[in-house]
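Reader: Could you walk me through reading a cavity and a disulfide in a structure like this one?
Author: Gladly; let's look together.

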Amino acid sequence: MYHLKKYGLFLLFVWPQWLMADEIDVTMHYVGPTEGQVWLGVQQGLHEANLQGGFLGQKYQIEVVEPDALETTDIKTVLLLATDDDYIMKVAQSEKFASIPLINLISRSDELRESCLPNLFHITPSDEMRADALAQWQEKNPDKPANVQSWHEDFVKFAASQLNNRFKKSQGEAMTDQAWAGWAGTKMIADSVVQTMQYDAEFMLNHLKTDLVFDGQKGDNANFRENGQLRQILLLVDNENKIVAEAPLRGFKGGLDSLGKVTCE
């Protein structure tokens, strides 16, 4: 049995199976900008997936799809979306993509979560999650304003500092909320392939719903709620850009599920 601890993932697999495994070539499709932070995050996730996959005979690639060409594109594993809310909703409601996991990387729309579409997953925290985090902060600190972020370049816990360092070294700038979301959405698919050795869309859809184990460098292993939202801590940042707290704050019931809606009811 072989163990590898690298890039925020603990790998466990049986050595003979690894040696005899056929090469896996995984294509993830992406609709969104090909510049800016979310794209840099996707590229970082892809880079780390291939670095990790090099030990396992796995290769990963991102195929960029123009929005107008999506209907004629054959999606085999997953579709990453960094687009506007209306486009995300349209794609998620299309019969063509009913059995394909759609990963919303950057939209914070509460409406998308309330739709509870069974093929739609949300990486970035919703507006409601952010509002709940701010409310917790203000209840304990009524005289201290703060901003809510899902990531910060100075975050160090849970091996976050290593991810920040890797990103800055590879991409030449600090990691932001959108970059983290791009990285997480890409890397969790690659990690799922490593764990299951399967990558067809229908399997991945069910896996993300029920069996996801992902280290997003934000504490407890992240998984998805019934409404498709990724559970995660949020950061409270003061006006001097200093992290002052993590939400959920101590003393609030529900833990991670005290931030935003949990179910589809």
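**Cavity and disulfide**

Author: The lining of the largest cavity is made up of 3 nonpolar, 4 polar and 3 charged residues. Here Ala, Val, Leu, Ile, Met, Phe, Trp, Tyr, Cys and Pro count as nonpolar, Asp, Glu, Lys and Arg as charged, and the others, Gly among them, as polar. The model is predicted: local features need pLDDT of at least 70, side-chain atom pairs count only at pLDDT 80 or more, and totals for chains, interfaces and linings use all residues. Residues are numbered from 1 along each chain as its sequence is written, and side-chain values use heavy atoms, with hydrogens and water left out.

Reader: Which residues line the largest cavity?
Author: Among them are Trp-180, Lys-218, Asp-220, Leu-230 and Arg-231. A cavity is a set of points on a 1 Å grid over the protein atoms alone where a 1.4 Å probe fits but cannot get out, and lining residues have an atom within 4 Å of a point. The largest cavity holds about 60 Å³ of space, taken as the space filled by probe spheres set on the points, which are joined across faces, edges and corners.

Reader: Which residues does the disulfide join?
Author: A disulfide is a pair of cysteine sulfur atoms within 2.5 Å. Cys-116 and Cys-264 are joined, S to S 2.0 Å. The link is left-handed, with -110° about the S-S bond.

Reader: Is Cys-116 buried or exposed?
Author: Buried means under 20% relative accessible area, exposed over 50%, partly exposed in between (1.4 Å probe, protein chains only). Cys-116 counts as buried because its relative accessibility is 19%, while Cys-264, at 32%, is partly exposed.

How values were computed. 1 Å grid on protein atoms, 1.4 Å probe; cavity = no way out; pocket = protein on both sides within 12 Å on 5 of 7 lines; lining within 4 Å.
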